[in-house]
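The report below is meant for a reader who is meeting this structure for the first time.

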Amino acid sequence: MIDIMTTLTTLAQATSVDAINLSDHVNNLIPELILLIGGTICLITGLGRESGTRKFTAVIAAISLILAIAFIPEFSKLKAGLYEITDLRSFIKLAACGIGFLLILVSASVPDLLPQTQKAEEAKKFEPGNIYRGEYYAFFLFSIVGLMLTAGANDLVWLFLALELTSLPTYVMVATAKQNINAQEAAVKYFFLGALSSAIFLYGFALIYGATGYTDLAEIKNVIEAQYVANSGLSGMLLIGLIFSILGFCFKIAAFPMHYYAADVYQGASSAVTAFLAFVPKTAGFVALILILSTVGWNYGPDQNHLPQVIEMLLWVIAVITMFLGNVLGMIQTSVKRALAYSSIAHSGYIVVGLLAGAPAIAATAIAKYDGDTTLGLAIGDGIAAVMFYLVAYGLATVGSFAVLAALRKPNGEEIDSYADIAGLIKQHKVLASILALSVFSLLGMPPLIGFLGKIYIFGSAYKAGYVWLVIIAVVNSAISGAYYLRIANAAFFGKPAEGITYTKTPGRIAGALIGGVACLVLGLAGGFLVDTAGRAADQLPTEIKINDEQTAAYAPSLMTDTKGFSEIVTD
């Protein structure tokens with residue numbers, strides 16, 4: 001009888017915990033649900049018979065992003081700045097929606113400027129097949145949903161589906177947001193290479209599952225730790241799975257050896273779509289890398305602050321080759337968009353340096369002793385926090401630079417592309433020229449812009465982790481990148497003005513560019529709160545099982561002295 005009562009009590013406790021977890025999951029998914037509903041509404045309004053209804057689609061997408069921000073659980077608890085954001089999931093969601101809002105401003109007129117849309121609006125008879133507004137904004141929101149789901153993934157299956165939801169809409173956006181042969185070619189390359197990369201990292205996931213017997217990330221981490229203790233090393237199948245997964249993710253982040261598509265796709269796509277590609281899929285790829293690497297941990301090597309040697313060597317090679325490829329090839333481009341594409345590749349190399357630094361114990365004291373006055377100097381050492389901070393810095397600068405390009409037009413109505421097209425921009429549009437300069441200087445890493453803080457954060461963390469030569473290589477590459485960043489600024493400020501260059505009178509693009517450029521300066525001068533927020537967020541990853549003492553006391557009093565048992569119930 002006592003055994004039966006004990007069993008029933010245990011089941012009741014487990015059921016209570018499951019109910020709490022289910023409620024937490026639903027609350028955490030509210031922002032994604034809002035965006036999914038917003039995307040569905042965009043599909044409907046985009047096909048409305050009234051022109052005003054169709055044009056309101058962009059507003060619906062923007063409102064959806066604002067509402068999603070408001071319903072991020074930690075964001076609703078704000079008391080002082082952003083200090084209540086305490087995990088990676090919420091940080092990435094806030095960054096995705098915040099920068100996504102800027103991208104909506106930049107993209108606001110993309111469907112309207114398409115020849116097929118203009119013809120459909122002028123036609124006497126409404127032809128829904130020629131209207132693209134609904135699909136564009138729906139795919140836009142769906143891709144951001146994929147990024148947010150990636151940040152919240154705690155399972156390999158969930159992670160795969162989230163990454164595919166991030167990528168699939170972008171293939172259509174590249175192909176349809178610009179009506180020329182280059183866009184079609186870019187979309188085909190992007191799609192087939194994307195399919196190849198998905199197959200590669202999915203195969204890696206299958207091997208990880210085969211080596212551990214789990215798809216849950218926390219369970220995979222536990223099994224890897226047990227295997228390492230029992231065998232003094234990691235299994236070959238697991239290492240091969242990790243290698244395939246990392247190589248597949250290299251496509252998402254535009255890093256060697258899966259970087260080949262970037263220049264053609266960035267040049268062929270509309271500038272507004274290119275800005276989207278440069279931030280959303282790249283961020284999703286790096287978040288996926290953080291999640292996969294955190295299952296292994298940064299607890300190896302003599303000082304127990306490195307990744308396993310094979311993985312460390314792979315990332316080291318990827319970082320170095322990616323940095324050199326991006327910066328050296330960026331110098332010889334005649335197209336500004338191709339130069340910025342190689343810039344994107346180079347920045348992926350810098351961020352991989354942060355992944356190598358990871359989250360070792362050397363950085364733990366700065367976060368554990370956080371008292372609201374943490375400075376960048378104290379925070380340096382946590383590579384994951386540095387990566388998260390850098391993604392925001394890179395996203396803002398990228399939005400600013402591509403928004404300027406999207407706002408300018410050649411005499412034939414096409415988007416500008418070459419250095420000659422931006423020559424003398426300061427004499428025609430001082431605001432756009434200034435924003436372009438701020439953005440590229442931030443990408444270069446010049447003080448006092450946010451890009452400078454980002455590089456100090458990443459390089460300093462790598463130096464503390466012992467990657468001295470890698471930091472030297474990264475600094476050299478930053479100097480090399482000055483050749484094409486300064487070339488862009490020089491053309492805009494000192495070049496001979498190009499004839500016939502006009503700017504689109506779309507307030508959204510100017511506003512998006514202005515906010516992105518000014519944010520690079522303001523956050524560079526007063527971005528301490530963002531450093532603190534990134535540090536707190538990086539301190540809690542989905543692979544870490546956190547036990548809530550209040551839940552323990554309320555629903556499992558008998559397990560108060562059995563932390564391990566309660567953890568197993570939560571995991572199950």
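How many aromatic pairs does a search of the whole structure find? In this predicted model, the search finds 19 aromatic pairs. Two of the pairs are set out in the table, each with its geometry.

| Aromatic pair | Centre to centre | Angle between the planes | Arrangement |
|---|---|---|---|
| Tyr136 and Tyr137 | 5.3 Å | 85 degrees | edge-to-face |
| Tyr350 and Phe459 | 6.0 Å | 80 degrees | edge-to-face |

Elsewhere, ring pairs link Tyr171, Tyr190, Phe191, Phe192, Phe251 and Tyr261 into a cluster. An aromatic ring also meets a charged residue at Tyr419, where Arg487 lies over the face of the ring at 3.9 Å from the ring centre.

In soluble globular proteins, nonpolar side chains tend to be buried together. Here, the largest nonpolar core has 181 residues, and those with the most contacts inside it are Leu35, Leu103, Phe140, Ile144, Val174 and Leu396. Helix 18 (residues 383-407) gives the most to this core, contributing 20 residues. When neighbours within four places in sequence are left aside, Val174 is in contact with Ala183, Ala186, Ala187, Tyr190, Val265, Ala269, Val273 and Leu277. Among these contacts of Val174 is Tyr190, a residue that also belongs to the cluster of linked rings.

Helix 24 (residues 507-526) has 20 residues, and from its first C-alpha to its last it reaches 27 Å, which is close to the 28 Å expected at 1.5 Å a residue. The buried residues of helix 24 are Gly508, Arg509, Ile510, Gly512, Ala513, Gly516, Gly517, Ala519, Cys520, Leu523 and Gly524. One of them, Ile510, is in contact with His429, which also contacts Tyr503 when neighbours within four places in sequence are left aside.

His429 itself is found in the loop between helix 20 (425-428) and helix 21. Is His429 buried or exposed? With a relative accessibility of 14%, His429 counts as buried, since buried means under 20% relative accessible area. A polar atom of the side chain of His429 lies 3.2 Å from the backbone nitrogen of Leu432.

Phe441 has its place in helix 21 (residues 430-444), and at 23% relative accessibility Phe441 counts as partly exposed. Not counting residues up to four places away in sequence, Phe441 touches Met446, Leu449, Leu486 and Ala489. Phe441 and Phe452 are 11 residues apart along the chain, and their C-alpha atoms are separated by 8.9 Å.

Ser245 counts as buried because its relative accessibility is 0%. Which residues are in contact with Ser245, leaving aside its neighbours within four places in sequence? They are Phe201, Gly204, Phe205 and Ile208.

Conventions. Residues are numbered from 1 along each chain as its sequence is written. This is a predicted model: local features need pLDDT of at least 70, side-chain atom pairs count only at pLDDT 80 or more; totals for chains, interfaces and linings use all residues. Side-chain values use heavy atoms; hydrogens and water are left out. Helices (H or I, at least four residues) and strands (E, at least two) are DSSP runs, numbered from the N terminus. The expected span of a helix is 1.5 Å times one less than its number of residues. Buried means under 20% relative accessible area, exposed over 50%, partly exposed in between (1.4 Å probe, protein chains only). A nonpolar core is a set of buried Ala, Val, Leu, Ile, Met, Phe, Trp, Tyr and Cys residues joined through side-chain atoms within 4.5 Å. Contact means heavy atoms within 4.5 Å. Rings of Phe, Tyr and Trp (its six-membered ring) pair if their centres lie within 6.5 Å; planes under 30 degrees apart count as stacked, over 60 as edge-to-face and the rest as tilted. A charge sits over a ring if NZ of Lys or CZ of Arg is within 6 Å of the ring centre and within 35 degrees of the ring normal. A polar contact is a pair of N or O atoms within 3.5 Å; within protein, one must be able to donate a hydrogen and the other to accept it, and residues adjacent in sequence count only if both atoms are side-chain atoms.
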